[in-house]
Amino acid sequence: MVTEENRAADRPLRVVLADDQDLVRAGFRVILGAEDGIEVVGEAGDGLRAVVLAEELRPDVVLMDVQMPAVDGLEATRRILGSAAGESPVKVVILTTFDREDYLFEALRAGASGFLLKNASPEDLVESVRIVARGDALLSPEVTRRVIARFSAPAAPAPVHRPTELTDREFEVLVLLARGASNAEIAAELFLGEATVKTHVSRVLAKLGLRDRTHAVVYAYENGIVAPGSA
């Protein structure tokens, strides 16, 4: 996984903006362009153009609106992440004015690494780019609460699927991840160093083909590894 630590020091984070409103893109471009280490390399006014630019430019991050002509942002995200391959896959952050749960969960299913409302601060916008570029997931606190609420709702218990790819220790890490534990909390629970936990988390994601911690949580709940309400 490419991270900011092993990224060449003189290589800025490359960002594509996808929004059908010119003024919105201009605002984002000004905010990001003022930051050291971030470069806006392309702009798209519709989802289809966003897919083309992502394939041509291979940016680190695409900031993706949802409601756009030709192809909406959710479908564009599916196409981009479905074709992403190689050492530096594209990351997508969904940016929307509409605070809707269906957008949130469709974005997660499509493989987006972040979901941010457009009323977020400029600082949050910049930080979202840096967070997802280093391979982490970004969800605002209110969005995180919705994810937990969705999976904590009463439902028929799912059959437990114990991934045979994982070692016992990696499975323990996955369970704690699904309960929302940070690396520091996992380290304290399992009596490990944080660096060791970080390595285990990376191996869990790689072995299960998951993009980030958020998708590890979804995987664990969907496969009955963690029971609803246990977090």
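Student: What should I know before I start?

Tutor: The model is predicted, so local features need pLDDT of at least 70 and side-chain atom pairs pLDDT 80 or more, while totals for chains, interfaces and linings use all residues. Residues are numbered from 1 along each chain as its sequence is written, and side-chain values use heavy atoms, leaving out hydrogens and water.

Student: Which residues have the most contacts inside the largest nonpolar core?

Tutor: In soluble globular proteins, nonpolar side chains tend to be buried together. A nonpolar core here is a set of buried Ala, Val, Leu, Ile, Met, Phe, Trp, Tyr and Cys residues joined through side-chain atoms within 4.5 Å; buried means under 20% relative accessible area, exposed over 50%, partly exposed in between (1.4 Å probe, protein chains only). The largest one has 27 residues, with A18, V62, M64, I80, V92, I94 and F115 making the most contacts inside it. A second, separate core has 25 residues, including V175 and L210.

Student: What does I80 touch?

Tutor: Contact means heavy atoms within 4.5 Å. Setting aside neighbours within four places in sequence, I80 contacts A50, V51, A54, M64, V90 and V92.

Student: Is T96 buried or exposed?

Tutor: T96 is buried, because its relative accessibility is 0%. Beyond residues up to four places away in sequence, T96 touches D65, V66, Y103, F115, L116, L117 and K118.
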